[in-house]
Amino acid sequence: MKNSFPRVSREIPFARPVIGEDEKQAVLDVLGGHVLTHGPKCTEFEENFASYIGTKHAITMSSCTTALHLSLLALGVSSEDEVIVPAETHVATAHAVEHAGARPVFIDVEDKSGNINPDLIKRAITSRTKAVIVVHYLGLPCNMEAIRSVTDSQGVSVIEDCALALGATYGGELPGSLGSTGCFSFYPSKHITTMEGGMLTTNSDNIASIVRKQRAFGYDKGYGQRSVPGIYDVVMLGYNYRMSEVQAAVGIAQMNRLSDLLQTRRRNAEVLLSRLSEIDCLTTFPVDYGLGRSACFCVNVILPDNDSFSREEVVLELNRVGIGTSVHYPVALPLTSYYRRRYNYQAQAFPVARWISEKAISLPVGPHLGKQDMNYIAEELQSILSN
């Protein structure tokens with residue numbers, strides 16, 4: 001797929017965190033103090049985040065993966081249990097189940113949204129099913145109404161993987177408040193960043209109590225709860241899954257700009273999708289679907305399900321003209337080497353996830369970009385496909 005004419009290249013990274021003076025000053029303020037971990041900034045960040053999501057509790061974590069892991073443990077998931085997981089997701093979603101000692105049971109996703117298929121959840125539930133992890137794919141909320149009608153009737157818990165869904169809405173409510181727990185990522189490419197880090201949200205006092213202990217070694221008292229410094233008991237097996245004060249301080253500053261960041265993402269996504277609609281051979285997913293309103297992490301374009309285009313060549317041509325890309329996700333998770341070898345999953349069991357993983361290209365819509373960038377992306381992609 002070689003072009004016979006030169007084109008002007010520009011720099012359009014797939015993701016770039018928006019860091020300003022407020023974040024830098026917040027870091028300096030923490031470094032000028034004497035508390036660098038599990039202190040007042042983490043508490044403030046948790047309170048701000050819980051208020052935004054609309055949950056009783058928010059608990060700072062070292063990552064979204066650790067939030068998923070502790071969600072499973074707090075719900076009592078163990079080696080005798082199964083957890084239903086969508087076939088099209090990041091590997092962390094299923095790895096957390098493995099680390100909890102349970103078996104991930106993969107099911108296919110919807111071809112209209114990339115989200116877990118509620119009809120297949122009902123068929124996959126067995127006497128061993130303890131939970132379902134729903135992933136709000138690319139920021140678009142799953143059909144929680146249909147999912148909860150199945151899980152509630154079967155006594156199965158729902159964990160929300162909200163790694164790409166901060167700021168999305170579902171029927172006026174926010175992801176992270178729709179299940180037993182919500183798990184968020186603050187990796188640099190996400191809607192807000194704390195460099196690394198995550199958050200677990202819940203309305204359950206019991207889950208919150210367990211998670212707060214397990215994220216810090218199983219201590220019975222947190223740092224600020226000890227009447228005598230250095231005196232505590234260890235009441236359960238725990239981990240070191242805490243967030244630092246520096247990370248929390250950056251997160252607080254980022255939350256203050258979240259509304260503007262989300263507005264820019266949505267505007268960019270709508271402009272790009274409008275332009276991409278002119279390219280007949282492409283499939284895209286909507287930013288609004290059913291009761292869900294997407295947080296617009298990125299825009300996926302899915303190439304035709306034939307050999308007319310090589311995804312690798314299209315990606316390299318986009319990169320050549322300065323357009324950063326990604327793939328969400330390059331292999332349907334049950335068909336990765338590890339899970340296929342471990343559980344002997346067959347490709348024909350996941351036709352939609354396989355279609356997306358083999359044909360999708362993720363395009364940027366982040367707040368570091370503007371309308372002209374969206375037009376450039378669409379024009380260059382159309383030119384590449386035409387040639």
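This is a predicted model: local features need pLDDT of at least 70, side-chain atom pairs count only at pLDDT 80 or more; totals for chains, interfaces and linings use all residues.
## Contacts of Q214

Contact here means heavy atoms within 4.5 Å. Leaving out residues up to four places away in sequence, Q214 touches L70, L73, M236, L237, G238 and Y239.

Q214 belongs to helix 7, which covers residues 205-214. The relative accessible area of Q214 is 9%. Buried means under 20%, so Q214 is buried.

## Overall build

The protein has 13 helices and 13 strands. Its radius of gyration is 21 Å, close to the 21 Å that the globule rule gives for 387 residues, so the protein is as compact as a globular protein of that length. The C-alpha trace spans about 75 × 55 × 35 Å along its principal axes.

Of the 387 residues, 57% count as buried. The exposed surface comes to about 16500 Å², and carbon and sulfur atoms supply 48% of it. Take the contacts between residues at least 6 apart in sequence: 73% of them join residues at least 24 apart.

Which residues of helix 4 are buried? They are A92, T93, A94, A96, V97 and E98. Just after helix 4, G101 takes a positive phi of about 90 degrees.

T89 sits in the loop between strand 2 (82-86) and helix 4 (91-99). With a relative accessible area of 3%, T89 is buried. Its side chain joins that of T93 in a polar contact of 2.8 Å. T93 is itself among the buried residues of helix 4. Not counting residues up to four places away in sequence, T89 touches V135, D161, Y329 and L333.

## T129 in strand 4

T129 lies in strand 4. Is T129 buried or exposed? At 10% relative accessibility, T129 counts as buried. The side chain of T129 reaches the backbone nitrogen of T126 at 2.8 Å.

Beyond four places in sequence, T129 touches E82, I84, A124 and V156. T129 and G155 are 26 residues apart along the chain, and their C-alpha atoms are separated by 9.2 Å.

## I192 in a loop

I192 is a loop residue, placed between strand 7 (181-185) and strand 8 (198-202). The relative accessible area of I192 is 1%, so this residue is buried.

What does I192 touch, not counting residues up to four places away in sequence? The partners are F45, L166, S185, F186, Y187, G251, Q254, M255, L258 and L261. D29 is 163 residues away from I192 along the chain, and the two C-alpha atoms are separated by 20 Å.

L28, L31 and L36 make a nonpolar surface patch of about 300 Å². L28 lies in helix 1, residues 21-31. Exposed means over 50% relative accessible area, and L28 has 54%, so L28 counts as exposed.

Methods: Residues are numbered from 1 along each chain as its sequence is written. Side-chain values use heavy atoms; hydrogens and water are left out. Patches are made of residues with over 30% relative accessible area and no salt bridge: like charges are joined within 9 Å, nonpolar side chains (Val, Leu, Ile, Met, Phe, Trp, Tyr) within 5 Å. Accessible areas come from the Shrake-Rupley method with a 1.4 Å probe; for residues, only the protein chains shown count as cover. A salt bridge is a side-chain nitrogen of Lys or Arg within 4 Å of a carboxyl oxygen of Asp or Glu. Helices (H or I, at least four residues) and strands (E, at least two) are DSSP runs, numbered from the N terminus. Buried means under 20% relative accessible area, exposed over 50%, partly exposed in between (1.4 Å probe, protein chains only). A polar contact is a pair of N or O atoms within 3.5 Å; within protein, one must be able to donate a hydrogen and the other to accept it, and residues adjacent in sequence count only if both atoms are side-chain atoms. The radius of gyration is taken over C-alpha atoms; the globule rule is 2.2 Å times the number of residues to the power 0.38.
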